[in-house]
Each structure stands twice: as structure tokens, then as C-alpha cells.
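Have a look at the picture first, then read on.

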Amino acid sequence: MRGGPRQGTEIRTPRKRRVDTDRREELLARVEEIVLAEGFTSVTVEELSQRLRCSKATLYSIASTKEQLVVSTVRHFFATAAATIEEAVSAEPDSRKRIKTYLDGVGSAMRRNSPAFYDDMVSYGPTAEIYRRNTASAATRVRELIDDGVGKGHFRATDGLLAAQVVALAIDGVQSGVVLEATGLSPGDAFAELGDLLLYGLTHASG
């Protein structure tokens with residue numbers, strides 16, 4: 001049949017360029033820096049490849065579409081931040097201060113988000129869902145830290161239960177934007193202030 005491959009001829013199909021794990025992590029970290037600073041709706045894969053001095057095929061080895069690359073980058077940001085925060089928490093021996101350490105860490109991570117990135121993240125369904133899951137995890141983690149303080153006698157059980165509920169509502173308010181609109185705070189500052197409020201109340205923080 002005319003137009004078909006000749007017998008014995010190898011059929012070649014396009015192949016993705018493969019990169020090793022270290023190279024993938026390096027590329028994701030560099031894409032993350034750009035996206036956090038500028039957002040992702042206005043940046044094309046072509047521009048990313050030029051700025052990172054790599055081919056588009058190399059970027060597509062991480063994810064096959066721009067949308068998947070964005071999702072991978074946002075997941076990478078939250079996973080890396082979570083690991084850094086937990087390392088700081090584990091290094092703090094005082095269970096009372098662990099809560100502030102945790103929320104300060106969340107605040108520091110969120111301060112890396114430019115307004116452009118934050119707006120893009122909460123406006124795009126897949127990344128908004130990643131953000132929602134991570135803020136829910138933050139509320140759960142703070143509850144665990146409060147329960148740990150109750151168990152060690154640093155907090156009263158009734159106070160700990162109320163505080164956990166208040167923190168969960170506050171974190172949900174930050175995630176939804178209600179708290180940010182009402183206070184004028186950025187997400188990073190809101191999380192850090194929540195840590196101060198929880199540990200010190202309305203008094204000046206003591207060293």
C-alpha cells in the first residue's frame with residue numbers, strides 16, 4: 001500500500017526529553033521563583049525557556065502542558081515550604097512557641113507570593129484547590145500543636161479547644177480572602193499576626 005512504511009523500516013515516534021530528579025528539582029525551583037514573583041497567566045513556556053536557558057522540550061519533560069507545569073510548580077512551592085516549616089518546628093523545644101514558629105513559617109512562605117501570583121493562584125481552579133488543601137492542612141497542624149501543648153500542661157483543655165476553632169476559622173478566612181479584605185493584610189502578614197495573637201493575645205509580644 002502506497003504511503004505506508006517500507007518493510008524493515010524503523011518507525012520513529014516523538015519522545016519526551018528526560019531529565020533526572022536533581023535537574024527536575026532545579027528547574028521547578030527556578031520556575032517557581034519566576035512564577036511567585038510575576039504570576040503565571042502572563043508568562044509563556046517560550047519565555048520561561050528563554051529565561052532559564054533551556055529548551056521547551058526540557059520544560060515539557062516536567063509537565064506536558066503549561067497548565068500542568070503551573071500545577072507542578074505550585075505543588076512544589078507548598079511541599080518545599082512545608083518541609084522547611086516542619087524542620088523549624090521540630091527544632092523548637094517549647095511547645096508553646098511551636099505554634100508561633102509554625103505560623104511564622106507559613107507567613108514567611110506566603111510573603112514570597114507577589115500579589116500577581118496570589119491573584120492567579122486563587123483564580124485558577126486547580127491551584128486554588130491546592131491552596132485550599134494546604135490551608136486546611138495548616139489548620140489541622142495548628143490543632144495538633146495546640147493539643148500537644150494541652151497534653152504537656154501548657155494550655156488548659158477548654159482554652160485549647162476554643163483556640164483551635166478560632167485558628168481554623170481565621171485560616172479559612174485568610175484562604176477565602178475575607179480576612180485580607182477586612183484587615184488589609186497580605187496572606188503572609190495575616191498568618192504571622194495570627195501566631196502573635198494566639199501566643200501573646202493583645203499584649204505586646206515578650207521576647
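What follows goes from the whole chain to its spaces.

Before we start, keep in mind that this is a predicted model, where local features need pLDDT of at least 70, side-chain atom pairs count only at pLDDT 80 or more, and totals for chains, interfaces and linings use all residues. Residues are numbered from 1 along each chain as its sequence is written, and side-chain values use heavy atoms, with hydrogens and water left out.

So what is the protein built from? There are ten helices and zero strands; here helices (H or I, at least four residues) and strands (E, at least two) are DSSP runs, numbered from the N terminus. Of the 207 residues, 38% are buried, meaning under 20% relative accessible area with a 1.4 Å probe, counting protein chains only. Now think about contacts, that is, heavy atoms within 4.5 Å. Take those between residues at least 6 apart in sequence: 66% of them join residues at least 24 apart.

One stretch comes with a label. UniProt, in an unreviewed entry, lists residues 44-63 as "DNA-binding region", though such annotations may be inferred rather than shown by experiment. In the model this span is 65% helix and 0% strand, and its end C-alpha atoms lie 14 Å apart.

Now for the empty spaces. Rolling a probe the size of a water molecule over the atoms shows where empty space is left. On a 1 Å grid over the protein atoms alone, a cavity is a set of points where a 1.4 Å probe fits but cannot get out, while a pocket is an open set with protein on both sides within 12 Å along at least five of seven lines; lining residues have an atom within 4 Å of a point. A volume is the space filled by probe spheres set on the points, which are joined across faces, edges and corners.

The largest pocket has a volume of about 260 Å³. Of its 17 lining residues, the closest to the centre are Ala-82, Ile-85, Tyr-102, Val-106 and Asn-134. Helix α4 turns up here too, as α4, α5 (95-110) and α7 (125-151) each supply at least two residues of the lining.

Definitions and conventions. Buried means under 20% relative accessible area, exposed over 50%, partly exposed in between (1.4 Å probe, protein chains only).
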